[in-house]
Structures are given as C-alpha cells and as structure tokens.
Amino acid sequence: MDKLLDFITKIDDLKSVYRQTYVINELKKENSAEHSWHLAISALFLEKYSDGTDIYKCVKMALIHDLAEIIVGDKIVYDVDSDHEKKEREAMISLLSNLDDGNEYLALWDEFNEGKTKESKFVKTLDRVLPLMNNYKTQGKSWKEHNVTDKMVLEKIEFMKTANPALYEYMYNIILESVEKNYLKGAKKMKIAITYEKNMVFQHFGKCPCFLIANIEDNKVVSKFEKLSGNTGHGALGGMLKNLGVELLICGGIGGGAKDILAANNIKIISGISGNVDDVLNDYLNGTLKENNLVTCNCHEHEDHDCGCH
C-alpha cells in the first residue's frame with residue numbers, strides 16, 4: 001500500500017508540467033495531466049472510430065503515456081531531439097521501479113511509443129487530433145508562437161492516412177481551413193514557367209515550342225513538368241500560362257505586346273535570360289538571377305523572319 005500511495009502522490013507532479021498547447025476557453029497553457037485525461041476520455045467517446053480496439057487498454061495507455069514528463073518535462077512535437085525517447089524510457093523505469101506491476105505498465109508505455117498495434121495507433125492518432133483541434137479553436141495561438149507551418153503539421157499526421165483514414169480526412173480539412181483563416185502558416189507556393197527547348201532557355205517567347213513548369217514550395221522545387229505551347233502566339237500563351245496558375249515567366253527575348261498580355265494576366269516576367277533551365281531555376285531560387293533588359297524582341301507572332309532573339 002505504501003508503495004502505491006507514494007507513486008500516486010508522485011504522479012501529482014504531472015499537474016505542474018505545462019505543455020505548449022492552450023486551453024480553449026481560458027487561453028492558458030494546459031498541463032500534461034489535463035492532456036492525459038482529455039486523451040483518455042476522447043478514446044472512450046470516439047470508440048466507434050477505433051476499428052474494434054480494446055478501448056480499456058487505450059484508456060490506460062492514454063493515462064500513462066506522458067508520465068515520464070514528470071522527470072524529463074514536455075517537448076513540443078516539432079522539436080528534434082534524438083535522445084528524448086531514451087530519456088523518457090529511463091524516466092518511466094525510474095517512476096515504475098517500486099511497483100509490483102511496473103513492468104506491465106512499462107510494456108504498455110513501450111507499445112504506445114512503438115505505434116504498431118491497433119490500440120497504440122488509435123491513441124497516437126488522438127494524441128495528434130487534440131492539440132490540432134485546440135490550435136484551431138484558439139486561432140493557431142501555439143502554432144504562431146512556434147512558427148509552425150501546414151507542412152509540419154501534415155508530416156506529423158501522415159501516419160493517420162492508414163491508421164485512421166476518417167480522422168485523417170477530418171483533420172486534413174481542419175488544416176486547410178486553418179491556413180485559409182491565417183491560423184496556420186501555409187507553405188509559400190508559386191508556379192514558374194520557363195521558355196524551354198532541349199534543356200535550354202528558348203530565346204523567343206512568341207515562338208516557344210514548350211514551357212518547363214516548376215512548382216515551388218518554401219523556395220524549393222517540388223515538381224516539374226513540360227507543357228507544349230501549341231505554337232499559338234502571344235495572346236493565347238498568356239491565357240494558357242494563367243490557366244496553369246503560373247505567377248512568373250522566365251524567358252529570353254520578349255516584345256512589349258507580349259509583356260502587356262502577361263501583365264494583364266498578373267504574370268511577372270524576368271527576361272533576357274539564357275542558359276541551362278535547371279541552372280537558371282537554381283539561380284532564381286538563390287536570388288542571383290538578374291534580368292537583362294537589353295534583350296527584347298520586336299517581331300510579331302505572324303511574321304516569318306529571323307530576329308536577334310533566336
């Protein structure tokens with residue numbers, strides 16, 4: 001009895017461990033005991049989304065999953081600390097060392113952290129859902145304080161795609177809405193078009209046979225594809241690039257009329273560029289690509305003659 005009461009007295013310290021998530025209606029940071037209770041009762045009431053798990057086991061797992069924080073403290077999920085889990089396990093061993101069934105609870109804690117069983121996947125899912133919902137309900141207060149982006153949140157719930165598709169879809173939509181409402185910082189995205197032929201910047205916009213379209217997120221290329229122009233001329237090219245969502249055109253020579261068409265479609269231009277398209281794209285992302293305003297083209301799309309832009 002003494003050992004059990006000593007343990008129960010010790011775990012009262014969890015009430016003094018504060019997390020980075022805010023309580024919804026008070027805008028104070030929740031403590032880890034509050035979070036553990038919230039997680040356990042959420043598992044109970046969301047049982048129908050648990051895929052037939054042992055819900056009593058889930059509740060026990062939720063109640064003990066953060067006990068190690070009594071010794072090692074809380075760490076925001078976006079912090080990288082390769083030794084943290086090792087420190088937590090050592091703390092759990094210490095906390096449970098005087099209990100007759102300590103090894104049973106340590107095994108349950110290990111099961112949660114390994115995340116391989118149905119019960120551990122369900123509890124881990126809810127452990128992601130709760131802070132996400134609290135952030136949404138507090139207009140992203142903790143996200144903003146820690147400069148969290150949608151990409152960071154999406155990476156942390158990626159496992160839910162297979163672990164719990166229904167809750168993943170719901171949370172995915174909450175993330176999208178949070179970005180729209182400026183609760184959560186979205187990745188800086190843009191689409192760039194480069195006049196293109198044989199891996200080089202093509203030198204005449206109006207007669208460009210193909211465009212390289214690059215999707216950029218947070219100043220990194222995430223995908224590229226080629227788009228044939230159809231040899232349709234300046235006017236149609238401007239509309240085509242707009243429909244593709246292009247915000248910036250990088251090209252060689254371009255005339256004043258084509259510039260006006262692109263401007264009307266809210267497409268910025270960096271002209272007078274030559275060289276390998278991948279090198280040019282890297283120069284742009286590194287901030288070293290310089291426009292050459294001396295390179296222009298005064299020929300028209302219907303004229304069949306050579307100009308200095310070829």
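Start by selecting Gly 102, Leu 106, Leu 108, Trp 109, Asp 110, Glu 111, Phe 112 and Asn 113: these are the buried residues of helix H6. The model you are looking at is predicted.

**Stop 1: helix H6**

Now show what packs over the buried residues. The cover includes helix H3 (55-64), helix H5 (84-96) and helix H7 (118-137). Then step off the end of the helix. Gly 115 follows H6 and has a positive phi, near 65°.

**Stop 2: from H6 to H3**

Stay on H6 and pick Glu 104. Its partner is Lys 60, and the two form a salt bridge with the closest N and O atoms 3.9 Å apart. This pair ties together distant parts of the chain: Lys 60 belongs to helix H3, Glu 104 to helix H6, and 44 residues separate them. Is Glu 104 buried, partly exposed or exposed? Its relative accessible area is 46%, so Glu 104 is partly exposed.

**Stop 3: Ala 43 in helix H2**

Select residues 32-45, helix H2, and centre on Ala 43. Ala 43 has 0% relative accessibility and so counts as buried. Which residues does Ala 43 touch, leaving aside those up to four places away in sequence? Show Ile 55, Cys 58, Phe 122 and Leu 126. Next, draw a line from Ala 43 to Asp 127. Their C-alpha atoms are 9.7 Å apart in space, while the two residues are 84 apart in sequence.

**Stop 4: helix H11**

Move to residues 165-180, helix H11. The 16 residues should span 22 Å at 1.5 Å a residue; the end C-alpha atoms are 23 Å apart, which agrees. Colour the buried residues of H11: Leu 167, Tyr 168, Met 171, Ile 174, Ile 175 and Ser 178. Look down the axis. They cover an arc of only 125° around it, which puts them on the same side of H11. Turn to the other side of H11, where Glu 169, Tyr 170 and Glu 180 are exposed. Finish just past H11, at Asn 182, where phi is positive at about 65°.

**Stop 5: salt bridges**

A search of the whole structure finds 13 salt bridges. Two more of them are worth a click.

Pick Glu 177 and Lys 181. Their side chains meet in a salt bridge, at 2.8 Å from N to O. At 40% relative accessibility, Lys 181 counts as partly exposed. Glu 177 is also partly exposed, with a relative accessible area of 27%. Now select Arg 19, Glu 30, Asp 66 and Asp 74: salt bridges that share partners join these four into one network.

Go on to helix H8 and show Lys 141 with Glu 145. Here the closest N and O atoms of the salt bridge are 3.9 Å apart. The two residues are four apart in H8, so about one helical turn separates them. Glu 145 is partly exposed, at 40% relative accessible area. Lys 141 counts as partly exposed too, at 30%.

**Stop 6: two loops with positive phi**

Select Lys 198, in the loop between strand E3 (189-197) and strand E4 (200-201). Its phi is near 50°, a positive value in a residue other than glycine. With 75% relative accessibility, Lys 198 counts as exposed.

Then jump to Asn 219, in the loop between strand E5 (210-217) and strand E6 (220-228). Phi of Asn 219 is positive as well, near 65°, and this residue is not a glycine either. Asn 219 counts as partly exposed, because its relative accessibility is 45%.

**Stop 7**

End at the start of the numbering. Ile 8 sits in helix H1, residues 2-10. How accessible is Ile 8? At 49% relative accessibility, Ile 8 counts as partly exposed; the exposed class begins over 50%.

Terms used: Residues numbered from 1 in each chain as written. Predicted model: local features only at pLDDT ≥ 70, side-chain atom pairs only at ≥ 80, totals over all residues. Heavy atoms only, no water. Buried < 20%, exposed > 50% of the residue type's maximum accessible area, 1.4 Å probe, protein only. Contact = heavy atoms within 4.5 Å. Expected span 1.5 Å × (residues − 1). Arc of directions from axis to C-beta.
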